[in-house]
Amino acid sequence: MREGKINMLLLGSGGRESAIAWKLSKSPRTGKLYIAPGNGGTDAYGENLNLKPTDFDAVDKAVADLGIDMVIAGNEDPLVAGLRDELEKRAAERGSKLLIVGPGKDGAALEGSKDFAKRFMSRHNIPTARHLTATKANIDEARAFLAALKTPYVLKADGLAAGKGVIIVNSLDEAYATLEEMLAGQFGAASASVVIEEFLSGIECSVFVLTDGHGGYRVLPVAKDYKRVGEGDTGLNTGGMGSVSPVPFADEIFMDKVRDRIIVPTIEGLIAEGIDYRGFIFLGLINVDGEPMVIEYNVRMGDPETEVVMPRIAGDLVPALEAVAEGNLGDIALGEDRRAAVAVMAVSGGYPGNYPKGKVIKGLDKTDGIVFHAGTKKEGDTTVTSGGRVLATVALADNIEKAAENAYREMSAISFDGIYYRRDISKDLTRQ
């Protein structure tokens, strides 16, 4: 462990990065905190830098010029493109050591390629849906596999598709047509291969793990997000309309299964394959009649789940991140706040379709709780909308019902032209 304060560069601009920056800013170990590019709220926790996380030249220059000790990758794009590999190489050429929270390009393939992730799970007996990877070369086999499945049919672009590469259809003919459209370039190079999956029915949750590449890991608070834009989980999929932590069904029995069948085999599998994975692993899980199964891996924290996970981490996160980046978590503990957290996301009218930008946000000075910005920017002293998901209000309380009540009370103080948010976040978990 290094002595003294740590200068950090956090890459990203969403609500996830707002929550991480908020948590980092509370640590006595934090020196200078930079967020690149950040948003209209992250400057409350550090200094925003106007650079793209995938511009490795710009990121490396900031590291060298600003005396950065640790880089934390908020989103997946730079990791899949090889951020860690490139920054470590350049730092070594300068004769310095840079701590990086996030896997190299090989480990980032867990998210960058759904085919790689599925094959990895098969190799290490990790429970997931039956699947087949389709290309133009095995289209007949793919059609036969679809015909053998029950409706509905799940088709996923193999590569990153900006969160839009998963299609679920209800008829076999539609599944055939969708497969051909995807292979023909519907999502560009991302759908040159398509993973066809058996549909799993159950309740989803998100489990987050910090691991140091040598078998050490810590499980962070479990969360559940709400993807559909409409109340009652109706309408189009979004990047997330809210989140809750803890998740009542993810009890000790369920989580023991998650550890034994998924977390440990994943970490041991990475080590066995020579993948030096240091950073966050997001396990998108589904509870099928009490049995956890993996829907997907992500190689970073989720959004909007991070907005409820970070407030529920008790104690200092920075020493744990430092230890992860150094490859030695040792006995560093991360506690868990016993209170519940609920996040409610306000979005721009029209989202997830077309929506206006530049709407003035009012009432931010009237909130008493936590507000994490996402699609916002500053225009002078005014904060305006700049994205589809604009901001989240977050509250902690002794139970989920009270946390939700408080989060909605905070949201009622905020307004902008076209504001929309779901009024039923957490209701499915508290109905008797």
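This is a predicted model: local features need pLDDT of at least 70, side-chain atom pairs count only at pLDDT 80 or more; totals for chains, interfaces and linings use all residues.
Let me start with strand 15 and strand 20, which run antiparallel and are joined by 4 bridges, with Gly 242 standing opposite Val 344 in strand 20.

Helix 12 covers residues 400-411, and its 12 residues reach 16 Å from the first C-alpha to the last, close to the 16 Å expected at 1.5 Å a residue. At the start of helix 12, a side-chain oxygen of Asn 399 comes to within 3.2 Å of the backbone nitrogen of Glu 401. Which residues of helix 12 are buried? They are Ile 400, Ala 403, Ala 404, Asn 406, Ala 407, Tyr 408, Glu 410 and Met 411, and what covers them includes strand 15 (242-245), strand 20 (340-347) and strand 24 (389-397), together with helix 13 (427-430).

Staying with strand 15 for a moment, the loop between strand 14 (234-237) and strand 15 holds Thr 238. Thr 238 counts as buried because its relative accessible area is 9%, under the 20% cut-off. The side chain of Thr 238 reaches the backbone oxygen of Lys 227 at 2.7 Å, and a polar atom of that side chain lies 2.8 Å from the backbone nitrogen of Gly 240. Leaving aside neighbours within four places in sequence, Thr 238 is in contact with Tyr 226, Lys 227, Arg 228, Val 229, Tyr 351 and Pro 352.

Let me turn to another sheet, an open one of 5 strands in the order 3-2-1-4-5, where the pairing is parallel. The edge strands here are strand 3 (47-48) and strand 5 (99-101), and each pairs on one side only. Strand 1, residues 6-12, runs parallel to strand 2, residues 30-37, and 6 bridges join the two; the bridge partner of Met 8 in strand 2 is Leu 33. Helix 2, residues 56-66, packs on this sheet, touching strand 1, strand 2 and strand 4 (70-73), and its direction makes about 160 degrees with that of strand 1. Helix 11, residues 318-326, also packs on the sheet, where it touches strand 1, strand 2, strand 4 and strand 5, its direction making about 105 degrees with that of strand 5.

I will finish with a pair of helices. The axes of helix 7 (residues 139-148) and helix 8 (residues 172-186) come within 10 Å and cross at roughly 145 degrees, and the crossing is right-handed. On the side of helix 7 the contact is made by Ile 139, Ala 142, Arg 143, Leu 146 and Ala 147, and on the side of helix 8 by Leu 172, Ala 175, Tyr 176, Leu 179, Glu 180 and Leu 183.

Technical notes:
Residues are numbered from 1 along each chain as its sequence is written. Side-chain values use heavy atoms; hydrogens and water are left out. The expected span of a helix is 1.5 Å times one less than its number of residues. Buried means under 20% relative accessible area, exposed over 50%, partly exposed in between (1.4 Å probe, protein chains only). Contact means heavy atoms within 4.5 Å. A polar contact is a pair of N or O atoms within 3.5 Å; within protein, one must be able to donate a hydrogen and the other to accept it, and residues adjacent in sequence count only if both atoms are side-chain atoms. Two strands pair if DSSP finds at least two bridges between them. Axes are lines fitted to C-alpha atoms, for helices over the stretch in contact, and angles run from 0 to 180 degrees between N-to-C directions. A crossing is left-handed if the near helix is turned anticlockwise from the far one by less than a right angle, and right-handed if clockwise.
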